[in-house]
Amino acid sequence: MLKNLKANLSLGVRRVDPVLLLCTVALLGVSLLTIWGAVDNFGMSKLRMQLAMGILGVFATFVIANLDYHVILDRLFWFMLIFSAAILAVTLVVGTTGAAMETTNKSWLTIPIIGIDIQPSEFVKITFICTFSKHLWTVHDRINHPKTLLGLLLHAGLIVGLILLSGDLGVALVYMVLVLIMLFCSGLHLWYFGGAIAVIALALPFLWDYLAAYQQDRILVGFNPELDPLYRGWQPLLSRQCIENGGLFGVGLFGGGDYEQLAASHTDFILSTVAEKFGFVGVILVLSVLVVMVIRILWIARRARRDCGMYLCVGVAAVMIAQILENVGMCLGLLPVVGLTLPFVSCGGSSLLATFMLVGIVHSVSAHRPGLRGA
């Protein structure tokens, strides 16, 4: 019995991709180190929460890696689809926004009895990628048929629409990028993308009027913080100052001070905090690990191209790419501040745990792709 247990544990460990695991643990280490160095400003509760969610996330990675994604998609497709729509709808009705925020977003849901706040849209990324991947694989041989595309757009539109209704434009944009990249990788004809671009160009004036005044200001000032340097542009400009203050090697783990004035220096602007403490070298190391992680996910996707595992990996990579580019862009004051975290580095329980679970799906694809099933 002991031999069997050891054999099962050994097999379970081997099913975790070592490169991905090393990348995620390294990024989590940077996150914990940065929060520890700023604990006087962030608070000890942030460090405890990040450590707890990190440990839980690593555990979830090993569990999900040992689950056969084929079985999960076959048996739980409808459950995951209904769950995704239901929890977003419930959040839309009884959800809350963060404290001291100027938005009216309903992005957070309080779990009864235990009183823990979660951000459902972070976890819906997991179920949506699973259901959309299964849907794509089911219709991949007729992807360019208009009725097929309509069904896919209705599937995506249900989830994205509910997130847009909640007012969380930043997360909705991630989902849109996710859908576009997955459709592109499925072989959808470029004429469809050209048509979509034309429709968006024509609809932009109407979409702009639909946005709330603060959302319009965020977008305009996001691309040019100097338009409102004393109010909406102040945070991006201060973020740049943090990066400049860090120089090449940073001011040290417990040094710095500019980051303390950033309203979201532990979440949205965590890269600016890293830059001030560890300098340009620290930022390059973090971004290099993120790039390696994305490349590894796409490499696993290529090896799983014979079934829906490819779509799962592409979906996870799309989420990573969208969040990395937007987060870096807003820290540099080049893109609007839309409240997106930097994967594995930003402080945030829902975001961190959900991202670990997303990468856990990639581990599962790597371990159970065609040719390895039953191993």
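Biologist: Which backbone oxygen does the side chain of Ser-265 reach?
Modeller: This is a predicted model, and the contact is read from its coordinates. Ser-265 sits in the loop between helix 11 (234–246) and helix 12 (270–303). At 3.2 Å, its side chain reaches the backbone oxygen of Tyr-259.

Biologist: Is Ser-265 buried or exposed?
Modeller: Leaving out residues up to four places away in sequence, Ser-265 touches Asn-41, Phe-42, Tyr-259, Ile-270 and Thr-273. Its relative accessible area is 1%. The cut-off for a buried residue is under 20%, so Ser-265 counts as buried.

Biologist: Are helix 11 and helix 12 roughly parallel or roughly antiparallel to each other?
Modeller: Their axes come within 6 Å and cross at roughly 15 degrees. Angles under 35 degrees count as roughly parallel and those over 145 as roughly antiparallel. Helix 11 and helix 12 are therefore roughly parallel.

Biologist: How many charged residues are there in the contact of helix 11 with helix 12?
Modeller: The crossing of these two helices is left-handed. Helix 11 brings Ser-239, Cys-242, Ile-243, Asn-245 and Gly-246, and these meet Ser-272, Ala-275, Glu-276 and Gly-279 in helix 12. Sorted by type, the residues of this contact are three nonpolar, five polar and, as charged, one.

Biologist: Is helix 8 oblique or roughly antiparallel to helix 13?
Modeller: Helix 8 (residues 169–185) and helix 13 (residues 309–331) have axes 9 Å apart and pack at an angle of about 140 degrees. Roughly antiparallel would need an angle over 145 degrees. The relation of helix 8 to helix 13 is therefore oblique.

Biologist: How many nonpolar residues are in the contact of helix 8 with helix 13?
Modeller: Helix 8 passes helix 13 in a right-handed crossing. From helix 8 come Val-174, Val-177, Leu-178, Ile-181, Met-182 and Cys-185, while the helix 13 side includes Met-310, Tyr-311, Val-314 and Ala-318. In the contact there are no charged residues and two polar ones, and the nonpolar count is 12.

Biologist: Is helix 2 oblique or roughly antiparallel to helix 14?
Modeller: The axes of helix 2 (residues 18–37) and helix 14 come within 11 Å, crossing at roughly 170 degrees. An angle over 145 degrees counts as roughly antiparallel. Helix 2 and helix 14 are therefore roughly antiparallel.

Biologist: How many polar residues belong to the contact of helix 2 with helix 14?
Modeller: Leu-20, Leu-21, Thr-24 and Leu-28 of helix 2 make this contact with Leu-352, Phe-356, Val-359, Val-362 and His-363 of helix 14. Seven of the residues are nonpolar and none is charged, and the polar ones number two.

Biologist: Which residue has its backbone oxygen 3.5 Å from a polar atom of the His-368 side chain?
Modeller: His-368 is found in helix 14 (residues 349–368). It is buried, with a relative accessible area of 5%. The backbone oxygen at 3.5 Å from its side chain belongs to Leu-67.

Biologist: Is Ile-116 buried or partly exposed?
Modeller: Ile-116 is in the loop between strand 1 (109–110) and strand 2 (117–118). Apart from neighbours within four places in sequence, it is in contact with Leu-109, Thr-110 and Ile-111. Its relative accessibility is 45%, so Ile-116 counts as partly exposed.

Terms used: Residues are numbered from 1 along each chain as its sequence is written. This is a predicted model: local features need pLDDT of at least 70, side-chain atom pairs count only at pLDDT 80 or more; totals for chains, interfaces and linings use all residues. Side-chain values use heavy atoms; hydrogens and water are left out. Axes are lines fitted to C-alpha atoms, for helices over the stretch in contact, and angles run from 0 to 180 degrees between N-to-C directions. Helices (H or I, at least four residues) and strands (E, at least two) are DSSP runs, numbered from the N terminus. Angles under 35 degrees count as roughly parallel, over 145 as roughly antiparallel, 65 to 115 as roughly perpendicular and the rest as oblique. A crossing is left-handed if the near helix is turned anticlockwise from the far one by less than a right angle, and right-handed if clockwise. Contact means heavy atoms within 4.5 Å. Ala, Val, Leu, Ile, Met, Phe, Trp, Tyr, Cys and Pro count as nonpolar, Asp, Glu, Lys and Arg as charged, and the others, Gly among them, as polar. Buried means under 20% relative accessible area, exposed over 50%, partly exposed in between (1.4 Å probe, protein chains only). A polar contact is a pair of N or O atoms within 3.5 Å; within protein, one must be able to donate a hydrogen and the other to accept it, and residues adjacent in sequence count only if both atoms are side-chain atoms.
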